[in-house]
Amino acid sequence: MTAFAGRTALVTGGAKRVGAAIVRALEAEGAEVLITSRSEGIRADLATRDGVESLLAQLPRIDILVNSAANFIRAPLEEVTWENFDDTFALNLRAPFFLSQALGLRMRDRGWGRIINIADVAATIPFPAWLPYSMSKAGIVALTRGLAKALAPAVLVNAVAPGPVLLPEEFDPVDMQQAVAPTLLKRPGTAEEVARTVVFLAGSDYVTGVTVAVDGGRLLR
């Protein structure tokens, strides 16, 4: 019997990158996993109210929610606009809040549930060229702590904060080196390392309200 046999998980943004690795890891532990994306699985634009509400209306019982969908819009201070600011917060923070509100309350009523949010080390060390993104991930950390209190003791809520994991394809070698150099382990992380941490938190019965850094020691520098 695997850890999550009989459990149903929803992984937003589960079609690629870290989200896809989380899907594979949960499935390996026996969970039935649903995904959302704009092109695969349950198609939903989670940056819109209609997209979130439409998704919620068609979901079966969800036992494990992983809020992984996010955008990573590069916007140095002088390039931040109302539009890219709103786009970032709509997907990265507003959608996780309303999905967690609706599904978390249902989990609480049933007496069991797990919510895992994907944060980022940028919540603690803001990236100057990605300020709205960094702010949205700081909000995810606050959301995690608040939900843990609001939904206890039935629902455990935690977050994972990756460091330099699956760096953007547009990064050149200099960008790559600058991202990895501040880590203690001197290498980028893998999506699978993040996914294993998600599985651990989903299976834990006595960890809630924490943000686990999977960052090669980046936050210690």
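Student: How is glutamate 192 classed by its relative accessibility?

Tutor: Glutamate 192 counts as partly exposed, since its relative accessibility is 37%; a residue is called buried under 20% relative accessible area, exposed over 50%, and partly exposed in between, with a 1.4 Å probe and protein chains only. Please keep in mind that this is a predicted model, in which local features need pLDDT of at least 70 and side-chain atom pairs count only at pLDDT 80 or more, whereas totals for chains, interfaces and linings use all residues. Residues are numbered from 1 along each chain as its sequence is written, and side-chain values use heavy atoms, with hydrogens and water left out.

Student: Which residue forms a salt bridge with glutamate 192?

Tutor: A salt bridge is a side-chain nitrogen of Lys or Arg within 4 Å of a carboxyl oxygen of Asp or Glu. Here the partner of glutamate 192 is arginine 24, and their closest N and O atoms are 3.2 Å apart. This pair links distant parts of the chain, with arginine 24 in helix 1 and glutamate 192 in helix 6, 168 residues apart; helices (H or I, at least four residues) and strands (E, at least two) are DSSP runs, numbered from the N terminus. Arginine 24 is also partly exposed, at a relative accessible area of 48%.

Student: Why does the distance between the ends of helix 6 agree with its number of residues?

Tutor: The expected span of a helix is 1.5 Å times one less than its number of residues. Helix 6 has 13 residues, 191–203, and should therefore span 18 Å, which agrees with the 19 Å that separates its end C-alpha atoms.

Student: Which residues of helix 6 are buried, and what covers them?

Tutor: The buried residues are Ala191, Val194, Ala195, Thr197, Val198, Val199, Leu201 and Ala202. Their cover includes helix 1 (17–28) and strands 4 (64–67), 5 (113–118), 6 (155–162) and 7 (211–214).

Student: How many salt bridges are found in the whole structure?

Tutor: The search finds eight, and some of them join up, as Arg7, Arg61, Asp63 and Arg110 are linked in a network of salt bridges. Within it, aspartate 63 meets arginine 7 at 4.0 Å, N to O. Aspartate 63 lies in the loop between helix 2 (49–58) and strand 4, and arginine 7 in the segment before strand 1 (8–12), so the pair ties together parts that are 56 residues apart in sequence. Aspartate 63 also forms a salt bridge with arginine 61, where the closest N and O atoms are 3.1 Å apart.

Student: Are these side chains buried or exposed, taking aspartate 63 to begin with?

Tutor: Aspartate 63 is buried, with a relative accessible area of 2%, whereas arginine 7 is partly exposed at 27% and arginine 61 is partly exposed at 42%.

Student: What is in contact with glycine 6, leaving aside its neighbours within four places in sequence?

Tutor: Contact means heavy atoms within 4.5 Å, and glycine 6 has such contacts with Gly30, Arg61 and Asp63. Glycine 6 is placed in the segment before strand 1 and is exposed, at 60% relative accessibility.

Student: How should I read backbone angles?

Tutor: Most residues other than glycine have a negative phi, and most peptide bonds are trans. Lysine 186 has a positive phi near 60 degrees and sits in the loop between helix 5 (173–180) and helix 6. As for the peptide bonds, the one that joins alanine 152 and proline 153 is cis, with omega about 0 degrees, and proline 153 is found in the loop between helix 4 (131–151) and strand 6.
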